[in-house]
Amino acid sequence: MPASTDISTDLDDISFLGRLSEALSQRIEEQTRPLFDEAGITVPVRSCSLLTALVEAGEASAADLARALGQSHQLVIQKCPALLRLGLITQHADPADARRKIFRLTDAGHDQLARIDAYSRRISEVYRALFEEVGDVHGAILKALKALADKPLRERIRD
């Protein structure tokens with residue numbers, strides 16, 4: 001039986017904006033890893049912001065980091081084992097609540113952040129050149145996130 005023509009099968013269709021956003025994120029991650037390797041950055045690509053939030057806090061729980069990053073507690077917890085294994089962070093029990101773990105950057109973590117900062121300055125120029133070619137993707141994403149926070153899809157679909 002032939003496929004129905006009534007159902008959109010174009011995965012680049014506007015209704016699949018989330019899938020396209022994820023595809024962009026995946027493409028950036030794939031292309032960043034070799035650049036990280038060249039720069040001596042061992043941090044998983046999707047964990048850089050976690051280290052940045054941790055250095056700003058000094059030390060923090062997973063819940064604190066999740067709030068600072070606007071991510072789920074579960075996602076932060078999933079990233080920590082690799083960072084612990086790489087020796088970039090340490091964890092210890094909270095003296096006030098032994099069930100709660102507190103994370104802190106190690107010297108190796110600080111070294112990696114210095115490498116990430118140097119990389120960030122270089123990649124920012126690359127992104128600016130890309131945006132001259134395709135438009136300000138960064139600005140568009142920030143605007144879309146704010147607009148959806150101000151008025152979620154649920155409200156928009158009712159209008």
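Helices in these exercises are DSSP runs of H or I with at least four residues, numbered from the N terminus. The model under study is predicted.

**Exercise 1.** Determine how far apart Arg-33 and Asp-37 lie in helix H1, counted in residues and in helical turns.

*Solution.* 
Step 1. Arg-33 and Asp-37 form a salt bridge, and their closest N and O atoms are 3.2 Å apart. This distance lies within the 4 Å cut-off for a salt bridge.
Step 2. The two residues are 4 residues apart in helix H1, which means a separation of about one helical turn.
Step 3. An α-helix has 3.6 residues a turn, so residues three or four places apart point the same way.
Step 4. As for accessibility, Arg-33 is partly exposed at 25% relative accessible area, whereas Asp-37 is exposed at 52%.

**Exercise 2.** Identify which parts of the chain are linked by the salt bridge between Arg-46 and Glu-29.

*Solution.* 
Step 1. In this salt bridge, the closest N and O atoms of Arg-46 and Glu-29 are 2.5 Å apart.
Step 2. Arg-46 belongs to the loop between helix H1 (17-39) and helix H2 (48-57), while Glu-29 belongs to helix H1; the partners are 17 residues apart, and the pair links distant parts of the chain.
Step 3. Arg-46 is partly exposed, with a relative accessible area of 33%. Glu-29 is also partly exposed, at 23%.

**Exercise 3.** Locate the two strands that are joined by the pair Arg-104 and Glu-59.

*Solution.* 
Step 1. The side chains of Arg-104 and Glu-59 form a salt bridge with an N to O distance of 2.1 Å.
Step 2. Arg-104 is in strand S3 (residues 97-105) and Glu-59 in strand S1 (residues 59-61), 45 residues apart.
Step 3. Arg-104 is partly exposed at 36% relative accessibility, and Glu-59 is partly exposed at 35%.
Step 4. Elsewhere, salt bridges with shared partners join Asp-64, Arg-67, Asp-94 and Arg-100 into one network. The whole structure contains 12 salt bridges.

**Exercise 4.** State which residues of helix H4 are buried, and name elements that cover them.

*Solution.* 
Step 1. Helix H4 (residues 73-85) has 13 residues and reaches 19 Å from its first C-alpha to its last, close to the expected 18 Å.
Step 2. Buried means under 20% relative accessible area. In H4, the residues Val-76, Lys-79, Cys-80 and Leu-83 are buried.
Step 3. The cover over these buried residues includes H2, helix H3 (62-69), strand S2 (89-94) and S3.
Step 4. Just after H4, Gly-87 adopts a positive phi of about 75°.

Key
Residues numbered from 1 in each chain as written. Predicted model: local features only at pLDDT ≥ 70, side-chain atom pairs only at ≥ 80, totals over all residues. Heavy atoms only, no water. Buried < 20%, exposed > 50% of the residue type's maximum accessible area, 1.4 Å probe, protein only. Expected span 1.5 Å × (residues − 1). Contact = heavy atoms within 4.5 Å.
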